[in-house]
Amino acid sequence: MKQRIEKLKEKLKNAAVCCGRDPKDIKLVAVSKTMSAEKVETAINSGATILGENYIQESREKIKTLSRYDVQWHFIGHLQSNKAKYAVPLFDLIHSVDSLKLAKEINKQAKKIDKIQDILIQINISRELSKSGIDAKGVTDLVRDISLLENVSIKGLMGMPPYYNEPEKVKPYFAEMRKIRDEIKKKNFSGVSMDELSMGMTGDFEAAIEEGSTFVRIGTAIFGARN
Ligand SMILES: *Cc1c(COP(=O)(O)O)cnc(C)c1O
């Protein structure tokens, strides 16, 4: 695993340098869904500093087991409003906020524990009905509405292109994410920073980095194939 992570970090660095970006601006989220706490521990000892989880139940146990490690936990899966109460105390960043209802619930739970919860807004960039995320058309309004909530802080956007095995085909989707980000940034909503773009996975992170990704979410290249 150590070798895989080191090789991957090298690839991330090269991808950044290739398009004239500072490698420090690209952060690796090691996606550990379905992986045991032991495997995640190995990943941490091999240099993973941000872990990405998709399921509340599963991650609660892992985070507890690994609480002695100074790492960040990010929630990247679909979050139901009624699970916000579990997510807020556990996660440093929630990538997948796509409705005002969910944001309000996160705000309420964050207020209870005196936390400002950092979030990203998930866009349904592929326009596939099966995917979560808000339509590109509605993003600006959603950001404005959420910006009024006191215990939630928007840091940027997250999105997933349709699945293609060709980087050239996914690039326009990443480019659109960046464009939406830049447009929202211009609005200067108070308390909103649009610095982060969570995009790129094992199969397409190079294209994502070229288009401005700051968080790549990578599972398979680190942990191997999931069952
Ligand atoms: C599983 C998952 C990933 C990681 O995918 P890989 O192809 O294994 O790198 C990234 N983002 C989200 C939202 C995921 O659910």
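In this predicted model, a nitrogen atom of the ligand is 2.9 Å from an N or O atom in the side chain of Arg217, a pair that falls under the cut-off for a polar contact (N or O atoms within 3.5 Å). The protein covers 89% of the 390 Å² of accessible area that the ligand has on its own, with areas taken from the Shrake-Rupley method with a 1.4 Å probe. Local features need pLDDT of at least 70 and side-chain atom pairs pLDDT 80 or more, whereas totals for chains, interfaces and linings use all residues. Residues are numbered from 1 along each chain, and side-chain values use heavy atoms, without hydrogens and water.

**Ligand contacts**
- An oxygen atom of the ligand lies 2.5 Å from an N or O atom in the side chain of Thr202, and a polar side-chain atom of Thr220 is 2.5 Å from an oxygen atom of the ligand.
- The residues surrounding the ligand (a heavy atom within 4 Å) include Val31, Lys33, Asn54, Ile76 and Gly219.
- This shell divides into 5 nonpolar, 4 polar and 3 charged residues, with Gly counted as polar.

**Largest pocket**
- The ligand takes up the space of the largest pocket, where sitting in a pocket requires more than half of the molecule's atoms within 2 Å of its grid points.
- About 500 Å³ of space lies in this pocket, and of its 26 lining residues the closest to the centre are Lys33, Met160, Met201, Arg217 and Arg226.
- A pocket is an open set of points on a 1 Å grid over the protein atoms alone, where a 1.4 Å probe fits, with protein on both sides within 12 Å along at least five of seven lines, and lining residues have an atom within 4 Å of a point.

Conventions: A polar contact is a pair of N or O atoms within 3.5 Å; within protein, one must be able to donate a hydrogen and the other to accept it, and residues adjacent in sequence count only if both atoms are side-chain atoms. Grid points are joined across faces, edges and corners, and a volume is the space filled by probe spheres set on the points.
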